[in-house]
Amino acid sequence: MSFKLFPILFLALFQVVTLSAQPPAGMNRNSNSRPSFNGNFYGRVLEATTGKAIEFASIQLLQNKFDSLTKKRKEVVIAGMLTNAKGEFRLENIPVFGQYKLKIDVIGYKSIEQTIGFDVKMPTGNNSDMGALLSALDKDLGNIKIDIAEKTLENVTVNAGTTGLKLGIDRKVFNVDKNIVSAGGTAVDVMRNVPSINVDLDGNVTMRNNSPQLFVDGRPTVLSLDQIPADAIESVEIITNPSAKFDASGGTAGILNIILKKNKRVGYSGNIRSSIDSRARLGGGADINVRQNKLNVFGSLNYNMRKSISAGLTERTTLIATPQTYLKQEDSSISKGEFMFFRGGFDYFIDNRNTVSVSVNKGGGKFSPTNDSHSTIDSLYTIRKQSQNDRFSNSTSQFDFTGITASFKHLFPKAGEEWSIDLTQNNSSSENSNQIKTAYYSDPLSSFVKVQDQLQTGTGNNTNLVIQTDYVKPINDRVKVEAGVRGQWRTVDNKNNFYLVTSTGNVNIPALSVNYNSKDNVYAAYATLSKQLKNFGYQLGLRAESSLYNGYLPDKNQEFSIEFPVSLFPSLFISQKLKKNAELQVNYTRKINRPNFFQLYPFTDYADSLNLSRGNPGLLPEFTNSVEVSYQKTYQNKNNILGSIYFKHTDNLITRYQDKENNPITGKDVLINTFINANNSYVTGAELVAKTKITNQWDLTSNFNLFTSAIKLDASYQNTIDPFVSYQLKLNNTYKLPKNITFQLSGEYISKSVLPPGGSGGGGGGNRWGGGGGMWGMGMFGQTSAAQGYQKANYFIDAALRIDLGKNKQTSISLNMNDVLRTRRQQIYSASALFTQDVFRRRDPQLLRLNVNWRFGKFDPNLFKRKSNKLMGEGMENINM
């Protein structure tokens, strides 16, 4: 007898003995119950058309059970596994008595569900057929054939009618594909139509009157919004009050997470697009995504030309000297440039439980802004004395950036349990040059009194490395634990030189030149505990961060240091599901904002001699405590409403401030724009977001935010603005017209409101060009202080029209115009004991852009295999697809 038969005989004998004996302890057997025997299911998964085995098919066995907590029945996963290379699976130790549902899923194929059972008949009396019983306990389900879910381009565009906004209790997700008014633009154009977001003329973003932390694909970035093409964005997530799992920075506003486009469906897909605007600026790009078997490869390339035109008027009365003066400055600016953005990478699915992903972002650009200013200065004597000047600045700035992200994710056999590790490195560099010529004269008809020619040059390099690992462990179907650690290392090397241009050459002014280096390290660890009790749930979280910032001025042998050995950031989220698809949530978090590079940079920008600006290396981080109460209701017609009440209190708020100091060039007292730490501040308000389907053809997304804020300065500073109530209204209308035509109309109105403090460590604005090289032109049009001013009411309307062509709507042509009524402007009033100032600006009104987009793709898991077989049939045997 073969030794291979011994195990089989032993197992058969064991089953017979077990069936004949009394049940052991723990087996429930009496006159009213059956013994709890276990058995096995096994089978094989094959492709229906070819009969080939399917590897890595997901096999799940479910049973309908009664939940003692919810008092309802629900399906519970009893067992599960993945098929092997032969398509085989085996589910063991399954209780014999009961009905089960077998569910089979595999990417690219239709799902299968079927009811199965053991059909065991217990032996009774003399009818004891043990062989039949043992056979029934090991049930062969046979060959299970599944069909290919073959989809063509029609399925790529089938979601065209879905909503552009998804509302959640913890975040809002804005689908950029549905926002045709931003097509061909940048992320700045996208943000103008996102609920809860406000964008100023320079592309700086605020959320609930504070600057958010900017993420790309869930990770910090060195990119600014105007460096990200709108056509590369899949969606935007707005997280107003992030939990302890997220970076503690960006606390005064939350997180703005930009999700870039990437497809993981089997087959290939992509699009080719081009655009031209009313200033003859061209743009274009292409995306491609290919997935077959274990590999998903994606790539995207975008190129855009830009021409931006702006105009402004500044009127200021200066009270710091005798005589007091009145300034009227008219500005006009034109900026021309181009930039390119590439993104590529791959996902390698080692198996259904392990995935490796790598992506690369690469881009750069060059811009050449010019600015003309005419200034008239009146001395406020009884007999006025007037002087005038014309200033012309000619600048060039170029930047490039490289970002690399690598990640690994492992899924454990237990549903929901996973471990991941991510590495992200971003490098950016910039070079800038700004030549400024100023001609002074006493009246328009006189000759020049003098001409001053100055030059500013700068270079900057920025490196940011982040390593993070996260682990998620479900204790049971109601309790989950998450934990992770994170390290961030940032270095900045920045040089700026100031020269006076003379007939004999450039003369460097060391007192106005700066060589500044900095290192910023942050180490963090977090843990959260989530639990669901019927309709009540909560999440407790705690994040610990240690941070060290060092700044150096090598030429002046000066050093600045900000250190927080350990800071704790707790979070608490409580949710209660209510009747009729409603939910209530209360949350609390503590966050930090560390000053960013430009807020710390001690370089004085003399681009505008009448509006000087400089960072403050002595700034401290600000700490914010936030409380938010939210209510969400979903109606039967899929209409959705989300209401929130929020309160944020900040200590050491970083805010802009205008103060007096001596100009080393002229020897006169001047106003300088810088940053200071306020004692504290608060922002409180109520926000309402509604997604309404007015008719089958008309979708409306509306956003209303009512808020007020106040900043309390130290007694040594002047604080002149009292708190007042402000509001913001956004409407986004989408109309479906006949012949596959879509019309979109978006508008915003914001009342008189306190200025954002500008104190975000996360950024979120535009025109940063890699984090170094100076703040060219940032001083033009007059800087203002949040503690000393407010902005006047403003409104605008954007419009767009799109037509989809082709059998499967694979081609679309759109025409969009921003600021249709030419009403988008910036009007700011600020005042203190030192000055009063009014600033008016307008930028790029009524800009028209034409876009053409062609989509292609085929989602078929065996597409490449069939092509390979065809080629091999034609004699090309050595080609292996």
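Let's start with an open sheet of three strands, ordered β31-β35-β34 with mixed pairing. Its edge strands, each pairing on one side only, are β31 (612-613) and β34 (654-662). Strands here are DSSP runs (E, at least two residues), as are helices (H or I, at least four), and numbering runs from the N terminus. Two strands pair if DSSP finds at least two bridges between them.

This is a predicted model, in which local features need pLDDT of at least 70 and side-chain atom pairs count only at pLDDT 80 or more, while totals for chains, interfaces and linings use all residues. Residues are numbered from 1 along each chain as its sequence is written, and side-chain values use heavy atoms, with hydrogens and water left out.

**More on the open sheet**
- β34 pairs with strand β35 (residues 669-677) in the antiparallel sense, over nine bridges.
- K660 has L671 in β35 as its bridge partner.

**The chain as a whole**
- The chain holds six helices and 46 strands.
- Of its 881 residues, 49% count as buried (under 20% relative accessible area; exposed is over 50%, partly exposed in between; 1.4 Å probe, protein chains only).
- Contacts (heavy atoms within 4.5 Å) between residues at least 6 apart in sequence join residues at least 24 apart in 70% of cases.

**A look at Q488**
- You will find Q488 in strand β25 (residues 479-502).
- Q488 counts as buried because its relative accessibility is 6%.
- Leaving aside residues up to four places away in sequence, Q488 touches P220, N464, L465, V466, D520, N521 and V522.

**The nonpolar surface patch**
- A nonpolar surface patch of about 880 Å² is made by I475, V481, L529, L540, L572, I574, L578, L584, V586, V629, Y631 and I645.
- Patch residues have over 30% relative accessible area and no salt bridge, and nonpolar side chains (Val, Leu, Ile, Met, Phe, Trp, Tyr) are joined within 5 Å, like charges within 9 Å.
- A salt bridge puts a side-chain nitrogen of Lys or Arg within 4 Å of a carboxyl oxygen of Asp or Glu.
- At least two residues of the nonpolar patch come from each of β29 (558-578), β30 (582-593) and β32 (622-634), and β29 gives the largest share, three residues.
- V629 lies in strand β32 and counts as partly exposed, at 34% relative accessibility.

Key. Areas by Shrake-Rupley, 256 points an atom, 1.4 Å probe, with all protein chains shown as cover.
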